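Keep the viewer open while reading.

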Amino acid sequence: MSDLPFGFSPSGDGDDNNRDKNRDDKGSGASGGASGGGESAQNPFGFALGGESLDPAALGQVFSQLGSMLSGMGSGTFGFGGQGKGSGPVNYDLASNLARQQIGNFTPVLERETNAVTDAVRLADVWLDDATTLPSGVSKSVAWTPVQWLEETMPTWKRLCDPVAQQLSRTWEQNLPPEAAQFAGPMMGMLTQMSGMAFGTQLGQGLGQLAKEVLTSTDIGLPLAPEGEAVLLPEAIAAFAEGLEQPAQEIVVFLAAREAAHLRLFTHVPWLRQRLFATVEEYARGITVDFSGITDLTANIDPAQLFSDPSKLEELMSSSASFEPTTTPEQKAALSRLETLLALVEGWVEQVVSQALSDRIPSTAALTETMRRRRASGGPAEQTFATLVGLELRPRKVREASALWRQLAEASDINNRDGVWAHPDLMPDADDLDNPAGFIDRVIGGDVGGIDEAIAELERTLAEEAAKDSGDEPESGSGDDKKDDGNA
């Protein structure tokens, strides 16, 4: 579409003078860290030496020489050098540099595009008032470039990735072969940096692709932007619109409505944001690693070869045979809960947006189906998480969730439908998605036994978490309350 209304420019619009040449390219040097990326980055902890055939003295020499080699890399792309940001379970400096390099040139956001986003969100938000009892959650409307998306969402990615990387690092250290552990000693910090570098490489590659494809801040189902900010990405929306036969103006308002609907949930359902992140953390705590491939991998390798032939070191670092995360029953349960919750969010947004826009935008039904297929196909969001930890952000039952919310509203009203979000214990589970009639009967029948106590407990938990984040002690009346919370 060559003429996008609401002030949006086509994806190819603008000459070289209007393009940002990626200011940080000169200093990033990220290409060195990215070489051999892709598959090779899938095993950040693959550097493990074991097997009875290894000479402990030679192994000690390996660690010593490897430490000297890596410490000489400086504090550039690889983050070695005590800069702070490059240390820790994930090298976020490296991730950011690689992502920026993958984004490449991009079209700066024009003032008319920012105004277009503001107008579209304001219009959509007014229409949503008739479709839900939840008030507006938008405090600010903005248009982002891909690099802005990367920078603004990085704090959330850190919160998602740190628990996973920390658990993987602990698991790796605890399972280090005895021969290696004997000589690792002071080198463990260096090895941690190596794993952080590899994890950062994967994250950077995933975020670089994701930044070019996301349409809004909630496009992957998680709240990535600062609270209350409605975000649209004009360049990606322009590219998205070119592949459709729908009026571009309708596409922009439709996406603005989806963003505004998500913000109503994430702003006015206090437990939802925390529950999503806590489920990811719960998944991370269950990570275990199968080290059965280490002995076979290193049995026929002479430690001296690691320095005479650098490809041997790369082979150790990249081989997936030596590092295989395994999925536990607890992780499968956490993943099921996450998928169900994401489906419920997506299904609710779909219903609310359809109800608000169907009589106003003719292409609503077609655009809704397009978004369903886009989510069902996986896409960069799922690939990013699946590559990192095997966690798929795919709500597999969006159609069922959408049907449940629709049937509940038809059988009662939107007050009952939206009232379900008052407490997590009221929410439907995976079985309810397959059998919505039973769930609807419970809601309409008023089966909310114990909800007052549950809400009081939730408020206490939220207050304690807020106090913990601020460094203050919660104003709890007695130790019995804490004991009850722990039992819950």
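Start with one residue and its contacts. Leaving aside its neighbours within four places in sequence, Leu207 is in contact with Ala99, Trp149, Leu150, Met154 and Trp157. The model is predicted.

**Core and overall fold**

Leu207 is one of the residues with the most contacts inside the largest nonpolar core. That core has 93 residues. Trp149, Trp157, Leu272, Trp348, Trp405 and Trp421 are also among those with the most contacts inside it.

The chain has 488 residues, of which 51% count as buried. Its secondary structure comes to 23 helices and 4 strands. Take the contacts with a separation of 6 or more: residues 24 or more positions apart account for 82% of them.

Ala99, a contact of Leu207, is one of the buried residues of α4. Helix α4 covers residues 92-103. Its 12 residues reach 16 Å from first C-alpha to last, close to the 16 Å expected at 1.5 Å a residue. Is α4 largely enclosed by the rest of the structure, or largely open? It is largely enclosed, because 9 of its 12 residues are buried. The buried set is Tyr92, Leu94, Ala95, Ser96, Asn97, Leu98, Ala99, Arg100 and Ile103.

Phe106 lies in the loop between α4 and α5 (111-128). Phe106 has a relative accessible area of 5%, so it is buried, the cut-off being under 20%. Phe106 and Val147 are 41 residues apart in sequence, yet their C-alpha atoms are 8.3 Å apart in space.

**Packing around helix α10**

Helix α10 (residues 248-268) crosses α9 (residues 234-242). It also crosses α15 and α16. The table gives the axis geometry.

| Helix pair | Axes come within | Crossing angle, roughly |
|---|---|---|
| α9 and α10 | 10 Å | 125 degrees |
| α10 and α15 | 9 Å | 125 degrees |
| α10 and α16 | 11 Å | 60 degrees |

The axes of α10 and α16 cross at roughly 60 degrees. That makes α10 oblique to α16. α10 passes α16 in a right-handed crossing. Here the contact is made by Glu250, Ile251, Phe254, Leu255 and Arg258 of α10 with Thr364, Leu367, Thr368 and Met371 of α16.

The axes of α9 and α10 cross at roughly 125 degrees. That makes α9 oblique to α10. The crossing of α9 and α10 is right-handed. Ile237, Phe240 and Ala241 in α9 meet Ile251, Val252 and Leu255 in α10. Ile251 and Leu255 also take part in the contact with α16.

The α10 and α15 pair is oblique as well, and its crossing is right-handed. On the α10 side are Val253, Phe254, Ala257, Arg258, Ala261, His262, Leu265 and Phe266. They meet Val345, Glu346, Trp348, Val349, Val353 and Leu357 in α15. Trp348 is among the residues with the most contacts inside the largest nonpolar core.

**Helix α18 and its cover**

Does the span of α18 (residues 398-411) agree with its length, or disagree? At 1.5 Å a residue, its 14 residues should span 20 Å; the end C-alpha atoms are 20 Å apart, which agrees. Buried residues in α18 are Val398, Ala401, Ser402, Ala403, Leu404, Trp405, Leu408 and Ala409. What covers them includes α15 (329-357), α16 (364-376), α19, α20 and α21 (436-444).

Glu400 is also found in α18. Its relative accessibility is 33%, so Glu400 counts as partly exposed.

**Val420**

Val420 is found in the loop between α19 (414-419) and α20 (430-434). Is Val420 buried or exposed? At 3% relative accessibility, Val420 counts as buried. Leaving aside its neighbours within four places in sequence, Val420 is in contact with Trp405, Leu408, Leu426, Met427, Pro428, Phe439 and Val443. Trp405 and Leu408 are buried residues of α18. Val420 and Trp405 are 15 residues apart in sequence and 10.0 Å apart, C-alpha to C-alpha.

Key: Residues numbered from 1 in each chain as written. Predicted model: local features only at pLDDT ≥ 70, side-chain atom pairs only at ≥ 80, totals over all residues. Heavy atoms only, no water. Helix = DSSP H or I, 4+ residues; strand = E, 2+ residues; numbered from the N terminus. Buried < 20%, exposed > 50% of the residue type's maximum accessible area, 1.4 Å probe, protein only. Contact = heavy atoms within 4.5 Å. Core = buried A, V, L, I, M, F, W, Y, C linked by side-chain atoms within 4.5 Å. Expected span 1.5 Å × (residues − 1). Axes fitted to C-alpha atoms, helices over the stretch in contact; angles between N-to-C directions. Parallel < 35°, antiparallel > 145°, perpendicular 65-115°, else oblique. Left-handed = near helix turned anticlockwise from the far one by under 90°.
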